[in-house]
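Let's take a friendly walk through some side-chain contacts, one question at a time. Have the viewer open and follow along.

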Amino acid sequence: MRPLRILALLLLPFALIGGVYLGGHPELLPGPVRDGLVGDQDTRVVGEAIAEVSDSYYREIGDRALADAAVKGVVESLDDRFSNYFTPKQYSDFRMSQDSQFSGIGTTVSPDPLGLRVSQVFDESPAARAGVRVDDRIVSVDGRALKGLPQEAATARVKGPKGTDVKLGLKRGARELSVTVTRATVSVPQVASKTVELGGTRYGVVALAQFGGGAHAEVYAGIRKVMDAGAKGLVLDLRGNGGGLVSEAQLVASGFLKDGAIVTTKGRNVPERTLKATGDPVAADVPLVVLVDKNTASASEIVAGALQDRGRARIVGTKTFGKGVFQEVIELSNGGALDITAGQYFTPSGKNLGGKGVKTGAGIKPDVVAEDDPKTKGDEGLRGALKALAAQDTTA
């Protein structure tokens, strides 16, 4: 069956429940969707049903809202939590977040069955001032439950214009609590670097929060900073890093590899390609470990998987998230965009880290298990990484 016919059939259930209006207004739809509504008998039936719903529904709904609902319905029917439809406003926010700046509360989050799980709280952010903590689960926003929403849709409810308040319903272990946070313009600190000593040797720690635009340049600067300070080895901390741009993952990994494969991507309608190291690494021979946890996902897993497979670094921490698919952003004529799963990625050894279809999978198994205990003041995960680095430095 032709792809456009499949698209039209996906629209039918949403037309029948009154969520769409577009049969008589195809000019509101993006070109590829509009084309699928005007051809054969199947699509004519869809158009008729949409027009009848538009005429018969008890109240009038704005054209643009109905257009958004129609396209959103198509994406939701895929049953893929990694695929999303961005309205024009949401897409604008998404692009801002890729540029490491947005209006919100100052957290990074990961998917959770009840909504969102907080994986990082930025220092001096609105969330930090309101008392939001790592591992809190955000279950509602302004009284509206997040359960069942895609991550991007749930995140969009948390974000908003600076100076406005948002009421978050949280679950902290067995406790339920509510906090009000005043949104602000947040500049995401993509990289934090420092030096620490263990056994009289100084090591560098470079923590990367997300793979936004320019992340590789910040990582390179962080590496040079700690090396200039006398670091004899490096910890690349990718804990809580949910990913970002595949191109940035390629460039970050290239900072540690002289040549060779980093990741291979394959998809039904995208050509297979292998991204390789770009040459001239900033730390090709420095002892290296990569620190990961359950929230290390996507582009982070690409980097960790490449460095592990190529024998460049030992992986320390816990099993990673296990996302084996990548998304492609397709801009639409209404100013919105589709962010849909376009294919799978494979580490240099040929492993796909995900599960069947778009389910989470095995992820990356650490070479050394180490996990931070939030009940203590120390960072057991980082200490495990430093011990592994010291052992590597000794045997090098």
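This is a predicted model: local features need pLDDT of at least 70, side-chain atom pairs count only at pLDDT 80 or more; totals for chains, interfaces and linings use all residues.

Q: Is the pair of F82 and F321 stacked or edge-to-face?
A: The ring centres of F82 and F321 are 6.5 Å apart, and their planes make an angle of 70°. Planes over 60 degrees apart fall in the last class named in the question. The pair of F82 and F321 is therefore edge-to-face.

Q: How many residues apart in sequence are the parts that the pair of F82 and F321 ties together?
A: F82 belongs to the loop between α4 (63-76) and β1 (84-86), while F321 belongs to the loop between β16 (314-317) and β17 (325-331). The pair therefore ties together parts whose separation in sequence is 239 residues.

Q: Does F82 count as buried or exposed?
A: Buried means under 20% relative accessible area. F82 has 10% relative accessibility, so F82 counts as buried.

Q: Over which ring does the charged end of R95 sit?
A: One aromatic cluster is formed by F86, Y91 and F94. The charged end of R95 lies 4.7 Å from the centre of one ring, and that ring belongs to Y91.

Q: Which side chain does a polar contact of 2.8 Å join to that of H216?
A: H216 is part of helix α8 (residues 215-228). Beyond its neighbours within four places in sequence, H216 is in contact with E248, L251 and V252. The polar contact of 2.8 Å joins the side chain of H216 to that of E248.

Methods. Residues are numbered from 1 along each chain as its sequence is written. Side-chain values use heavy atoms; hydrogens and water are left out. Rings of Phe, Tyr and Trp (its six-membered ring) pair if their centres lie within 6.5 Å; planes under 30 degrees apart count as stacked, over 60 as edge-to-face and the rest as tilted. Helices (H or I, at least four residues) and strands (E, at least two) are DSSP runs, numbered from the N terminus. Buried means under 20% relative accessible area, exposed over 50%, partly exposed in between (1.4 Å probe, protein chains only). A charge sits over a ring if NZ of Lys or CZ of Arg is within 6 Å of the ring centre and within 35 degrees of the ring normal. A polar contact is a pair of N or O atoms within 3.5 Å; within protein, one must be able to donate a hydrogen and the other to accept it, and residues adjacent in sequence count only if both atoms are side-chain atoms. Contact means heavy atoms within 4.5 Å.
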